[in-house]
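User: Hi! I'd like to walk through this protein chain with you, from its core to its pocket.

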Amino acid sequence: MLRCAGIIRIMLKKTHRIVLLVAAFFWTPVVGLDFAQAEEKNRVFEIRTYYANEGKLDALLARFRDHTVALFKKHGMTNIAYWVPTDNKENKLVYMLAYPSREARGKAWKSFLADPVWQKAYKESTKDGRLVKRIVNDFLAGTDFSKIK
């Protein structure tokens with residue numbers, strides 16, 4: 001009888017653990033979903049278009065490739081994509097970043113611009129003249145039917 005009670009106790013402990021694991025498995029996505037939906041609702045995208053000065057597009061692309069992209073990531077910006085037009089008569093670089101919110105965007109840019117690594121890369125890349133003559137940016141929010149929100 002004592003042995004039977006011990007076996008039942010062990011089974012209950014294992015069952016309890018299994019129930020907890022199953023509950024955690026199903027509960028975590030539900031809790032995470034609420035957080036993800038709230039984060040998704042505030043998420044903002046920024047499309048930035050840089051117009052490079054004549055003869056400076058390659059240097060601008062190199063600065064992004066070698067420094068800027070990694071620094072954006074370091075400062076909490078999500079790099080979505082970078083493009084150059086196929087017929088690039090205006091020396092454009094177009095790229096998209098994402099942020100959890102507009103407030104997060106402001107904080108990320110402030111910390112990025114204050115980063116000594118960025119300041120050094122900027123100074124070195126502009127020693128022979130400014131690379132960019134104009135920047136245009138637009139802020140976007142995802143639609144309910146977009147795959148990227």
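This is a predicted model: local features need pLDDT of at least 70, side-chain atom pairs count only at pLDDT 80 or more; totals for chains, interfaces and linings use all residues.

User: Which element gives the most to the largest nonpolar core?

Analyst: The core has 19 residues, and those with the most contacts inside it include Tyr50, Phe72 and Trp109. At least two residues each come from β1 (44-52), α2 (57-74), β3 (92-99) and α3 (102-114). With 5 residues, the top contributor is α2.

User: Which residues is Leu60 in contact with, leaving aside its neighbours within four places in sequence?

Analyst: Leu60 is itself among the core residues with the most contacts inside it. Beyond those sequence neighbours, the partners of Leu60 are Tyr50, Ala52, Leu93, Leu131 and Val132.

User: How many charged residues are in the lining of the largest pocket?

Analyst: This pocket has a volume of about 240 Å³. Its lining is made of 18 residues, with Tyr50, Arg63, Tyr122, Val132 and Ile135 nearest the centre. By class, 11 are nonpolar and 2 are polar, while the number of charged ones is 5.

User: How many contacts beyond four places in sequence does the model have for residues 30-38?

Analyst: Across the chain the mean pLDDT is 84, with 73% of residues at 70 or more. Residues 19-25 fall below 50, and that stretch has 1 contact beyond near neighbours in sequence. Residues 30-38 also stay under 50, and their count of such contacts is 0.

Definitions and conventions: Residues are numbered from 1 along each chain as its sequence is written. Side-chain values use heavy atoms; hydrogens and water are left out. A nonpolar core is a set of buried Ala, Val, Leu, Ile, Met, Phe, Trp, Tyr and Cys residues joined through side-chain atoms within 4.5 Å. Buried means under 20% relative accessible area, exposed over 50%, partly exposed in between (1.4 Å probe, protein chains only). Helices (H or I, at least four residues) and strands (E, at least two) are DSSP runs, numbered from the N terminus. Contact means heavy atoms within 4.5 Å. On a 1 Å grid over the protein atoms alone, a cavity is a set of points where a 1.4 Å probe fits but cannot get out, and a pocket is an open set with protein on both sides within 12 Å along at least five of seven lines; lining residues have an atom within 4 Å of a point. Grid points are joined across faces, edges and corners, and a volume is the space filled by probe spheres set on the points. Ala, Val, Leu, Ile, Met, Phe, Trp, Tyr, Cys and Pro count as nonpolar, Asp, Glu, Lys and Arg as charged, and the others, Gly among them, as polar. pLDDT is the predictor's confidence in each residue, from 0 to 100.
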